[in-house]
Amino acid sequence: METVWVLGDQLNRDISSLRDRSPADTRVLMIESRAKIGSHRYHRQRLHLVLTAMRRFAGGLRTAGFAVDYVFADCFRQGLEQHRRRYHPDEVIVMEPMSYTMLRRLRQLDVRLVRSNQFLCHYEDFAVWAAGRKRLVLEDFYREQRRQLGYLMDGDEPAGGSWNFDADNREPPPRDGRSWPRPPRSRLDDLDDEVISGLPEEAVGAVPDGTWATSRAAALARLRHFIGKVLPTFGPYEDAMLAGEWSMAHSMLSPYLNLGLLHPREVCDAAEAAYRSGRVPIQSAEGFVRQVIGWREYVWGVYWLWMPEYAAANGLNAGRDLPPLFRDGETDMRCVAETLTAVHEHGYAHHIQRLMVLGNLALLAGVVPQQMVDWMWASFVDGAEWVMLPNVLGMSLHADGGRMATKPYAAGGNYINRMSDYCRDCRFDPKRRTGTDACPFTTLYWGFLDRNQSVLSGNHRMARQLQAARKLADMAEVRARATEVLAQLDGGEL
Ligand SMILES: Cc1cc2nc3c(=O)[nH]c(=O)nc-3n(C[C@H](O)[C@H](O)[C@H](O)COP(=O)(O)OP(=O)(O)OC[C@H]3O[C@@H](n4cnc5c(N)ncnc54)[C@H](O)[C@@H]3O)c2cc1C
Ligand code: SF4
């Protein structure tokens with residue numbers, strides 16, 4: 001008999017290693033590795049989500065008649081050896097893993113790898129698309145994906161007459177006091193309780209409250225909720241932030257896509273169907289499909305193209321240790337406090353909070369990129385190496401020298417003020433760059449441009465900002481204030 005080893009982020013009956021298998025010819029192996037669980041100080045809700053989803057998936061396979069060997073081991077190698085000793089499988093088959101690190105590990109374990117079907121564009125196909133291109137422009141890849149996959153196409157033309165409604169999707173938050181859809185919650189059952197009671201003491205974050213679905217059926221229900229109640233407003237306010245509103249009009253589907261509970265094809269099919277039936281405007285449907293078949297697949301493709309050197313990237317020579325506020329959540333900066341509260345409560349922050357609040361702060365302060373990767377990886381329910389490295393190193397911290405993002409996503413307090421209501425109740429003033437009430441983002445923004453004049457001088461998209469920094473009459477005061485701000489950040493006093 002052969003064994004199919006199902007990894008913790010391959011939780012779907014249709015993965016390529018399992019879909020044509022039957023209980024008559026296959027035993028399933030699943031391993032909970034204590035080394036993996038202990039590799040970061042993970043958020044409780046992340047550990048709960050992954051471990052509960054694994055155990056539920058195993059239970060579902062048993063119900064379908066499969067013999068499942070669910071092993072608790074110190075590490076994957078030990079779990080596999082234990083399985084081999086017990087069952088002597090003819091062969092152990094594994095679908096290609098999501099991460100480079102795991103691929104390297106599997107290659108040392110005498111298993112047969114089969115091609116992954118968890119993405120719509122396999123990374124080898126992405127490499128073919130990328131070959132010979134000077135720049136890997138997301139928009140080019142996205143249009144190719146639309147053509148190949150046929151999403152939101154009317155014949156050869158994009159539905160709604162445009163490939164891209166991005167300009168409509170950058171609205172500041174509405175100030176009409178509207179209520180946003182509440183994320184559904186699942187009732188916790190005995191399995192949840194069992195997993196929660198076994199979580200490591202060092203785990204961080206609030207205890208699980210049912211926000212995250214841990215089975216395919218519940219993930220499908222979250223998808224239906226998103227398409228019916230959230231997607232119609234998804235587009236315009238994608239970049240907006242509001243105090244006390246942690247999910248706004250976001251899908252919150254990333255953990256399910258990343259664990260295999262949902263497949264990108266089915267979420268895009270659902271968005272397309274909602275658009276075709278007139279329930280969702282094209283801006284929203286296109287905005288969502290762009291995130292999934294565009295950004296998500298692009299990130300996956302560049303990760304495999306640029307690994308393993310990519311993991312060590314630090315193009316701006318950033319050397320600051322992760323400031324304590326990321327761990328203790330204590331800060332007077334309202335935007336950061338709001339975002340860290342969402343991370344503590346739910347293991348989640350939406351894209352603009354990740355990029356323009358947390359990532360922006362780390363970029364401006366010059367935090368070591370790999371420390372930021374580790375913190376985000378541990379803190380978010382949807383964290384994984386393949387998605388973290390390009391998003392944190394490339395998009396957010398410009399550590400890859402601009403391979404992914406043509407210019408750093410650096411912004412002062414004015415951007416956050418325009419896109420949120422955070423500044424209203426903050427003790428700092430987003431317009432000021434000097435003085436004790438100056439917004440730390442604004443001060444550090446000018447300090448960042450000043451510090452990186454020579455590294456960024458070849459980037460024509462930064463020319464205007466760099467010139468503005470050179471012309472700043474009060475740069476000496478800005479430098480002095482930036483030094484104070486950074487010292488306060490390091491000392492946990494900001
Ligand atoms: C600094 C930083 C760190 C990030 N870390 C992660 C992470 O650990 N895990 C993760 O899945 N995403 C990560 N992202 C990408 C993105 O922010 C999240 O996918 C998104 O916020 C998840 O929330 P959502 O499901 O509500 O997304 P929505 O805003 O509803 O978007 C829909 C879907 O599009 C996909 N998507 C959108 N943008 C991206 C992107 N840049 N990369 C990959 N997928 C994308 C996700 O699958 C997401 O579920 C990160 C982005 C940044 C800037
Ligand atoms: S003033 Fe600055 S620190 Fe305060 S909320 Fe606005 S951007 Fe954040």
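Where is the place of T214?

## T214

T214 lies in the loop between α7 (190-197) and α8 (216-230). Helices here are DSSP runs of H or I with at least four residues, strands are runs of E with at least two, and numbering starts from the N terminus. T214 has a relative accessible area of 7%, so the residue is buried (under 20%, 1.4 Å probe, protein chains only).

## Basis of the model

This is a predicted model, where local features need pLDDT of at least 70, side-chain atom pairs count only at pLDDT 80 or more, and totals for chains, interfaces and linings use all residues. Residues are numbered from 1 along each chain, chains are lettered from A and ligands numbered from 1 in written order, and side-chain values use heavy atoms, without hydrogens and water.

## Strand β1

Strand β1 (residues 2-5) runs parallel to strand β2 (residues 26-33), joined by four bridges. Pairing requires at least two DSSP bridges. W5 stands opposite L29 in β2.

β1 also pairs with strand β4 (residues 92-95), again in the parallel sense, over three bridges. There, T3 has V92 as its bridge partner.

## Around ligand 2

The residues surrounding ligand 2 (a heavy atom within 4 Å) include M333, R334, C335, Y422 and F428. Helices α13 (334-346) and α17 (413-419) each give two or more residues to this shell. The shell divides into nine nonpolar residues, one polar and one charged.

How values were computed: Ala, Val, Leu, Ile, Met, Phe, Trp, Tyr, Cys and Pro count as nonpolar, Asp, Glu, Lys and Arg as charged, and the others, Gly among them, as polar. Buried means under 20% relative accessible area, exposed over 50%, partly exposed in between (1.4 Å probe, protein chains only).
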